[in-house]
Amino acid sequence: MEQNASYYWDKCTQLLREQLTESAFNMWFAGIVPLRFENSILLLQLQSQFVAEYIEENYSRLLGHVLFRVCGPGTRLEYRIPIDSTSGMGITTVSQGVEKEKLLLPRPPQTTAYAAQHNHEPQLPPLDSRLNSQQTFDSFVQGEVNRMVRTVALAAARDPGKTAFNPLFIYGGSGVGKTHLLNAIGNQTKALYPHKRVLYLTANDFKMQYMSAANPKNNDVANFLSFYQTIDVLLMDDIQFLTGLQRTQEVFFHIFNHLHQSGKQIVLASDKSPLDIKDVDDRLITRFKWGFSGELRRPDFSLRHDILKNKIDRDGVELSEEIIDYIAKNVRDNVRDLEGVLASLLAYSTLTDEQISVELAERVVSQVVDVAVMSLTMDNIMDAVCEEWAVTPEQVLSKTRTKELSTARHAVMYLIQKVLDKPLQEIGAYMHRSHATVLHGIEHVNDLMRIDPVFKRQIVRLKSRLEK
């Protein structure tokens, strides 16, 4: 078989050399290894998925003519991309580009006798999607800091693989809702398309599965690859855990390519943006950026308040606004801490038969976060404004004059003057600006509040929080 494959491929390369420059031939065809010619199928081993993609896009018509002349009508072409050099396993794909030119006959689908008789594909075994049924779009509380990412995620769930959001890459710190959104996408997709195969897992789960499949005792890489090629919506959490795992990355690279080229939806989550992930193959990072990358930022006070209200309403619990505000003001880092404090507060009240009060909330919150008792300072106002506009104090104090930074800078000046009643000279010294610049900034905030109701609500809300 191999001798026949080499014979036919040698004939093909002679014709290719006549049509291509020497550099082009050496770049794309010299490294191809003929593996098998059987049942009118020529199987070629290519160096990588990138080479296969390039040949398909740029040389499919030429290659089709050459194969037709050398091997005759009815010949089909397949590529094999090596995955694991130890086991010799790889992915085999049909040359789609050649088929589109109708120069080679399409390969008939492989079906069982029953499926062939009834003219549909064989049924795949049931799949445990590993989804958390409680984490849906309805239970994901929307705010300004997560509105865009939630909207994109919902669009991907409603039309998986058919939008520009493929892959969808969601990143942000711990406890901001990444896992919740991944599960929401999966649950929404399953509700709309029950037949689709949806899978949620972490990158560490994927690594352990591959290590088990690649173990010489199991030698099951082929089935491992075949399984992932059946997935319609792949939801992978904690993608940063692929760092430093060369073989696992190589396998995931080829699975990613197969799913993406097949129009399947890929959603990834990480604690870092694609640009900040280290020790991951550049080819993967490039693909992570193909679709939409969105950051889930730390929830602001308004969102923290709404999350608590939503949780309380769903659990049928009654808490005063004063208690809700106290928790939202002091538990600032992530949603998990908010829910943990609320659960602890309810448990403590139930076990001790003590009525829930601000004093009880203070005791419970102090066990989770450091609550500093201090008088309000200019730094506190700076921090509140920076959180609202998702900027840093260093940026606010810098000379950069983007619209966002200028607005935040003027808001700090305004609030310091209104809440702390500091003189312009003192505010200017704190902001590294002249008192005239401070006065201009305060006047700008007053003007903007008159014409922009959204901005006015932000300032009023911040002022109210700071004065409590």
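Which helices are included in what covers the buried residues of H14?

## Helix H14 and its cover

The cover includes helix H13 (301–315), helix H15 (335–352) and helix H16 (358–366). Contact here means heavy atoms within 4.5 Å. Helix H14 spans residues 321–330, and seven of its ten residues are buried. They are Ile323, Ile324, Asp325, Tyr326, Ile327, Ala328 and Asn330. Buried means under 20% relative accessible area, with a 1.4 Å probe and protein chains only. Helices (H or I, at least four residues) and strands (E, at least two) are DSSP runs, numbered from the N terminus.

This is a predicted model: local features need pLDDT of at least 70, side-chain atom pairs count only at pLDDT 80 or more, and totals for chains, interfaces and linings use all residues. Residues are numbered from 1 along each chain as its sequence is written, and side-chain values use heavy atoms, leaving out hydrogens and water.

## The sheet

Five strands form an open sheet in the order E6-E7-E8-E5-E9, with parallel pairing. Strands pair if DSSP finds at least two bridges between them. E6 and E9 are the edge strands; each has a single partner strand, so one side of each has no neighbour in the sheet. The twist averages 15 degrees from one strand to the next.

Five bridges join E6 to E7. Leu199 has Leu234 as its bridge partner in E7. Four bridges join E5 to E9. Tyr171 has Glu295 as its bridge partner in E9. Glu295 and Ser293 form the uncovered face of E9, while Phe292 and Gly294 form the covered one.

H9 lies across E6 and E7, at about 95 degrees to E6. H11 lies across E7 and E8, at about 140 degrees to E8. Axes are lines fitted to C-alpha atoms, for helices over the stretch in contact, and angles run from 0 to 180 degrees between N-to-C directions.

## The largest nonpolar core

A nonpolar core is a set of buried Ala, Val, Leu, Ile, Met, Phe, Trp, Tyr and Cys residues joined through side-chain atoms within 4.5 Å. The largest has 31 residues. Phe206, Phe224, Tyr228, Ile239, Phe252, Leu268 and Phe288 touch the most other members. Strands E5, E6, E7 and E8 are among the elements that each supply at least two residues. H11 gives the most, with six residues.

Leu268 touches Leu168, Phe169, Ile170, Met236, Ile239, Phe252, Phe256 and Phe288, not counting residues up to four places away in sequence.

Key. Buried means under 20% relative accessible area, exposed over 50%, partly exposed in between (1.4 Å probe, protein chains only).
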